[in-house]
Structures are given as C-alpha cells and as structure tokens.
Amino acid sequence: MKDIVVSNKVYYLGTNDRKKQLFENNWPLPNGVAYNSYLIADEKSVLIDTLEFGSKSDYLEEIDRILEGRKLDYLVINHMEPDHASMTGMMLRYYPELKIVGNIKTFKMLEAYFGLDKMQFIEVSDSEILDIGYHKLKFVLTPWVHWPETMMTYDITDHILFSCDAFGGFGTLDGGIFDDEINFEPYLLDEMRRYYSNIVGKYSHMVQKALAKLNGLSVRFVCPSHGPVWRKDPGKVIGLYDNWSKHISEDGVVIAYASMYGNTEKMADFAARLMAENGIRNIKIYDVSKTHISYIISDIWRYKSLVLGSCAYNTGMHPMMVHLCHELEVVNPKDKNYALFGSYSWSGGGLKSLLSFAEKMNWNLVSDPIDLIGSPNVAKMEGFQNIANKIL
Ligand code: FEO
C-alpha cells in the first residue's frame, strides 16, 4: 500500500475486517468493520492505538517502513477494548523499550491483560501534554465513551483529534478513507448510527460531558478508530454525536412486533396504514424474529415514536421481543412517544409484559394499549385510529 498521510508526519494504518461475523460476538457485521490506527513519525515516534489482533498481517512491517528502521517510542492507548488494544503484548515483544501511555485506569487493565510492568507505563492526567517534536499531544480523559478508561488524544499542532470509539461506526472503508473520498450517506451513516445506538448510546450522558470538554478545541481532523477519517467536515460527525447523545430524533415511527402466526403482524400493518393515511411518511415495520435488534434499535434511536406489539407466549411476551426490550432497557433511548398492542389465544400476557417493560422506560404513552383475542378484524382494531392520530 502507498502511505496514507493524514497530516504532517501522521499516517493512517488501518485495516478492514470483512471476515468477522459478529462484533463483540454479538452485533452482525454484514458490511464488516474498519479498525484504525495512526502512526506519528516525529522526533519521537508514537502509535495511536493498535488494531484487533490478527486483522492486519503486515502491520509491523508498515510501521518499520514508515519509521525507516527507527524504533517505536510510544504507544498511546486511548481505549483498552481488544479491538484496539489486543496487539499491545505483541508490540511490547517487538519493541522491548516501548513506553505505553495511558491514564490511571488504563494501567490496571494493561496489568490484567498483559502483565505490564509499571516501568513501561507513562501515566498521563487530564490535559497533560506529551511533546514529541513538531507535534504536541494533549490527553483528554473521556470516561465511558466507551469504557471507564477511555480517553482521546488531541494534537495541538495540527488540530487532530484521535477519538478512538467516538465518532466511529461499523462498515469497512472500501478504498475511500477520508470523508471527502466517500459517499457517507446512506450506508455509512446508517452503520454509524447503529454503532452509536447499540455500543455507545448507553453512555450518552458521558458523551455529552466529553463533547463539552472538546468544545474549546479547534478540530481540523477527526481520526476515530472505526469508520472514516474526517478532514473536510469534522463538524458533521461531531454534530451527529451531539444530536444522538441529546436524544434528538426525527419525525417517524418504528413499529416492532413479534408474531407467531401472523395475527400480531396484521395489527402492525393495520396501524401503519392508518398512520400513512394521517400523513406520517417515515414508518418502519420490523419483525423482531427476522431483523437483528441492532437495526431496530438504530431506527428507534433515529425516530421520535415507537409502537411495540407482541403475541402472548407462555403467558409473557414473545422471547424475541424480550430480547429487544432487554436491550432497550440497557441502551435507554429517551423522549419517545409510544403505544403498545398484543394478541392472544387463551390467557394473554404479551401486552401485560410489554406494559411492565414500558413503565420502566419513562416514555410518553400516547393512547390506550390494545389487546386482541384471536384473529384481528377492523372492529377489534378500532383503537389503532387513536394511536395513529396521536403517535407523532
Ligand atoms: Fe472499538 Fe469499545 O471498542
């Protein structure tokens, strides 16, 4: 590969993972994921985060080539999750004099993962600066974006923000690395929102704290550890994170249902038709047994309103709806208008379980829930008109 230069002496050293099926062995990766790492070949050489172990076979050769045989002086670990830090042990074996730079919380994890000796560790505090020559690196502690030890590294000289998970997303970088070399929308935007809502969204209040800390900094480049590098319009991705972490949503409705034999599905379609007649244009219907919850949660984060429906299943809600509701409780999207419906053949329970879940979410219930026995017909579904009238 030709060198990919971000700025003076700053090189992009990322790679694409098109093999992994599930990120964190949980989140589907039909479009893969990019791991980004950056090398600064200054008077002192600095690697900003590594990659997932084994994801790039010629990583060390590339570092050696750019450094022209010089040793690597520092490895900055912005985040210890193994998709970025699992090559740390290998780096220490290859560069025995390497110093690892992190904060007070990083070291405990390094010790636990790699048995790192304190002598090899340089602990930095918030706003501390490491002078490496032309570049001056300032460390900004941003806990819980996405783990407690998370920090960002800001280059004061060229105004580069190495942000690790923040401002990243799923999806590979297929040739285009920089925002001016790609069509960000719709695919990479969707994959970034899916990443945000499912991986980072739970910590939205901490994202707001991190953004407040970054507020005074001039940022010319955003260099995340997943997804594209932003050099044309870094404000765009910062704005997206600001909106998502403030739970600012777009007009639209997600209808997610669980249906065993199609009755609950008919209710979802009926509701959607009434909403369309009422002029709602963004309506997304999802069968929770078909679509992975990460996509449903991404759209729930995106849109203002949510309608959940479940058939009864062993006197509770359907197991696939349990899965969605559990994860919604974890990531906790806020400020939703919502409505609920269910269907049953004997004692019910689907709607009752949905109600118990929804009470915990502190959302705005717009209309009475609907529970229907047996097959749906227009008379049994009268209540959906009120839902359609009030949902947005
Ligand atoms: Fe990309 Fe939290 O790791």
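Tutor: Let us begin with a term: contact means that heavy atoms come within 4.5 Å of each other. Please keep in mind that this is a predicted model.

Student: Where does helix H4 lie?

Tutor: Helix H4, residues 104-114, lies across strand E10 (99-102) and strand E11, and it runs at about 155° to E11.

Student: How should I read the sheet, and in what order do its strands come?

Tutor: Strands of a sheet pair through backbone hydrogen bonds, either parallel or antiparallel. Here seven strands form an open sheet with mixed pairing, in the order E1-E2-E7-E8-E9-E10-E11. Its edge strands are E1 (5-7) and E11 (121-123), each of which pairs on one side only. As one example from within the sheet, E8 (residues 45-48) and E9 (residues 74-76) pair in the parallel sense over three bridges, and Val46 stands opposite Tyr74 in E9.

Student: How much area do domain 1 and domain 2 bury between them?

Tutor: The size of an interface is often given as the accessible area lost when the parts come together. Domain 1 (5-245) and domain 2 (250-390) come from the domain assignment of the chain, and between them they bury about 1100 Å², with 57% of it on carbon and sulfur atoms.

Student: How many salt bridges and polar contacts are found across this interface?

Tutor: The rule finds zero salt bridges there, whereas five residue pairs are in polar contact. On the side of domain 1 that touches domain 2, the largest share, seven residues, comes from helix H5.

How values were computed
Residues are numbered from 1 along each chain as its sequence is written. This is a predicted model: local features need pLDDT of at least 70, side-chain atom pairs count only at pLDDT 80 or more; totals for chains, interfaces and linings use all residues. Side-chain values use heavy atoms; hydrogens and water are left out. Two strands pair if DSSP finds at least two bridges between them. Helices (H or I, at least four residues) and strands (E, at least two) are DSSP runs, numbered from the N terminus. Axes are lines fitted to C-alpha atoms, for helices over the stretch in contact, and angles run from 0 to 180 degrees between N-to-C directions. Domain bounds come from an automatic or database domain assignment. Buried area is the accessible area (1.4 Å probe) that two parts lose on being put together, summed over both. A salt bridge is a side-chain nitrogen of Lys or Arg within 4 Å of a carboxyl oxygen of Asp or Glu. A polar contact is a pair of N or O atoms within 3.5 Å; within protein, one must be able to donate a hydrogen and the other to accept it, and residues adjacent in sequence count only if both atoms are side-chain atoms.
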